[in-house]
Structures are given as structure tokens and as C-alpha cells.
Amino acid sequence: MVAKTLFGFEDILANELRNLGAMDVEKGVRVVTFVGDKGFMYKANLGLRTAIKILKPIKSFRIAREEDLYKNVKNIKWENYLKPEGSLAVDATVHHSIFTHSQYTALKTKDAIVDRFRENNGTRPNIDLRFPDIKVNVHIDRQRCTISLDTSGESLHRRGYKTATNIAPINEVLAAGLIMMSGWDGQSDFMDPMCGSGTILAEAAMIACDIPPNLMRKEFAFERWEDWDVDLFEKIEESLLKKTHDFHHKIFGYDKSPSAIKKAKENIKNAHLDEFIHIQHEDFFKTQKAGSDKLHMVFNPPYGERLENLNVEEFYGNIGTTLKHGYPNTNAWLVTSNLEALKFVGLRPSRKIKVFNAKLEARLVKYEMYEGSRKAKKQSN
């Protein structure tokens, strides 16, 4: 099987797969391949935090000219996967000199499947782009074509807990990946000082308690398949739920926008995480850390369309000042696609990791705020 992910998250996803029990895990670019049975396919969809899709390849073949696609697709025993009166959707990704247009490739694939049914049964499946019984994925890379079934359906970042969002909300898979990249292990308090609609907070709580991220989803694509095994699925769900555990620290979020606070509280409640997460209406720049315990911070400051009325230099300068003077003993991680703005923070990052926020190149940056100065820290060692 193939798990698709975001650029830069391949290592994290490979580790997640190994921890869940996948075999033969191999990293590619934005994908990780692995081997598992039907039960593991259910488990991967329920339990992976950094996967966008799980694809199950059913045939792979060489492709030199257009006819090769139609002929090979038509030869697949589609009746094993779909009833003649069922419905399907096809999507394609292409890197080929002949097949240069993904929509055309998807159309040719659909024709081949439909023609097989028409010739064998006299009836043909319908096309349903929203709720198909099977979703077929075509991947052509140079001379190799792989036909897969999409086991997930809607992208796995749609966890099911978010009903309210702000402008430019962070994607749930991106949020989970950034938190995992930051090395947070649930052994300290966690904070998002600009929490927006609460995505980073929700993902952090699920990581801390080992809650499967996709329990709240309404449906996976495999639930419409001919071999859907509801008893097996419920067993897998139960085994994952048994591994959840309590969390003995605090997770809290601030935002200065009352509407953001309202949305965040709604989403956290939907996710049944309100016992772990405390959300307050606060302007981060007017706050300071309570207590001396270690704090782990991950946040996504406003950028692009959310920055229209902001002075970037002043805003990012205030981030640096607030961290320096108000947040000792804190590991602060922020992600931004405004690479220029980082210069105004006025602190030296101890790490910078290249990531992508949608199509925007971004940086995940770490600032280590010591108790007292860095110099004092070194002298005490």
C-alpha cells in the first residue's frame, strides 16, 4: 500500500507506520510504501496522523503508448471491486511524455472500466464524483502506470471535528506533523498563543493521549467496498482505543480575536477534548508565562491574507520581545511562509526546518528561551 503525505513529513510517517506494525516500510517523495493486510488498512486510516491518503495498488504495468492504458485497465477484473449498477470516480497523477493531462488520463481509465461492464453485463456503473462506491487512482510516472483503489476517500486531514474555521486555517495533517517534528512528547505543558480555530491544540491533545486522529470521521472509502468487514473494523478501532492514556499536564491556547476563541472552543468540544484544553481570550503580547515549569509552544502566526492590517516588522518584533521577556524555560516553535518576517523576531533560532503550508514554502523555526540568559545557562553547566 501507499501512504501519501506532505513534503518533509516522510520520516515521521514512516515511523508512524512502523509503530502501528506495518511491514517493508520504504520512503519516497511525499509517499511512504508499506505492506499490510485488510485490518492494517483500516488501522492506517484510523491511526496515522501525517497521512493524507492510503492507496491500495491493484495493478502495475509498463506504458509506452495511449492504447496500453485502455487495454490494461480494461483487463482488470473490476467486477471483483464493483457491482455493475455501482458508482465510481477516477483521479490521475501523470508524469509522461504522451499522457500530459491528468483529466484526459482519468477519462480514458473511466472509459475502459465502463466498457468492460457494458460488454460483460449490458449495464454500466455510474460516475459519482462526490460519493462513489470505489475511487480509482491512476499514477503514471515515465513508463510505469499503477492503478490503485483509494481506501480513504476524502483527504485524511478532514478529521471530522472542525465545523468552524477562520481565514486560512492550518491543515490538520500539517499541524500534527509540525507538533511531531517539534519533538513534543506530552511530558510538559503545551501552548498555542495564536490558536485561531484550535487545530494545533486539538492535534497536540490527541498526540499527548495517543487518541487515533480519525475516530471522528463520518466515512472512509473502504466502507462502500464489496469486502467491507464491519466486525474487523470495530475490533481494530477498539484495539487502538485501548492504547489511549491520560495526560498529566496542561494544554492551553490564546487568541485576541473573540470570534476565533468561539470557533476554537466549538471545535475542541466537537473533538471531545475540552477536558484537556483550556482556551482564553488573550493578546499574547500582553501575557507572560505562569510558573517556572518547562513549556512547549507551537504556533502559526498570521501571514498573507491574515496580515492585511498588520505591520509585519512590528508584529514579528513583538513575538521576539514577548518570548524573551515573558517566557523563560520555553521551547517556542513557529511556522511561517513569510521568510522575510523572521528577521524581525530578533532572536537566533536554534533550528530551521523547511516545510510547505499548502503550496507556500515555509519554515518551522525553534527558539529556545532559557531561564535567565544563555550565558548564565552555559556558566551553570
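Which residues does R159 touch, not counting residues up to four places away in sequence? Keep that question in mind while setting up the view.

This is a predicted model, in which local features need pLDDT of at least 70, side-chain atom pairs count only at pLDDT 80 or more, and totals for chains, interfaces and linings use all residues. Residues are numbered from 1 along each chain as its sequence is written, and side-chain values use heavy atoms, with hydrogens and water left out.

**Stop 1: R159**

Select R159, in the loop between β8 (144-150) and α5. Helices (H or I, at least four residues) and strands (E, at least two) are DSSP runs, numbered from the N terminus. R159 touches L48, R49, E172, V173, A176, E203, P213, N214, M216 and R217; contact means heavy atoms within 4.5 Å. R159 is buried, with a relative accessible area of 0%. Buried means under 20% relative accessible area, exposed over 50%, and partly exposed in between (1.4 Å probe, protein chains only). Now show the backbone of L156: the side chain of R159 reaches its backbone oxygen at 3.1 Å. This is a polar contact, a pair of N or O atoms within 3.5 Å; within protein, one must be able to donate a hydrogen and the other to accept it, and residues adjacent in sequence count only if both atoms are side-chain atoms.

**Stop 2: the sheet**

Next, select β11, β10, β9, β12, β13, β15 and β14. In that order, these 7 strands form an open sheet with mixed pairing. Two strands pair if DSSP finds at least two bridges between them. Strands of a sheet pair through backbone hydrogen bonds, either parallel or antiparallel.

Which strands stand at the edges? They are β11 (277-281) and β14 (351-357); each has a single partner strand, so one side of each is left without a neighbour in the sheet. Neighbouring strands of this sheet are turned by 20 degrees against each other on average, direction ignored. Axes are lines fitted to C-alpha atoms, for helices over the stretch in contact, and angles run from 0 to 180 degrees between N-to-C directions.

β10 (residues 251-255) pairs with β11 in the parallel sense over 5 bridges, and Y254 has Q280 in β11 as its bridge partner.

Move on to β9 (189-192). It runs parallel to β10, joined by 3 bridges, and also pairs with β12 in the parallel sense over 3 bridges. Select M191: its bridge partner in β10 is F252, and in β12 it stands opposite M297. Both faces of β9 are covered, with D189 and M191 buried on one side and F190 and D192 buried on the other.

**Stop 3**

Within α3, select D68, L69, N72, V73 and K74, which are buried. What covers the buried residues of α3 includes β4 (53-62), α4, β7 (134-141) and β8.

**Stop 4: salt bridges**

The structure holds 21 salt bridges. A salt bridge is a side-chain nitrogen of Lys or Arg within 4 Å of a carboxyl oxygen of Asp or Glu.

Select R116 and E79, whose closest N and O atoms are 2.9 Å apart. R116 lies in helix α4 (residues 102-121) and E79 in the loop between α3 (66-75) and β5 (87-95), so the pair ties together parts that are 37 residues apart in sequence. R116 is buried at 14% relative accessible area, whereas E79 is partly exposed at 37%.

**Stop 5**

Most residues other than glycine have a negative phi. D210 sits in the loop between α6 (199-209) and α7 (230-242), and is partly exposed at 36% relative accessibility.

Finish at H272, which has a positive phi of about 60 degrees although it is not a glycine. H272 is in the loop between α8 (258-270) and β11, and is exposed, with a relative accessible area of 58%.
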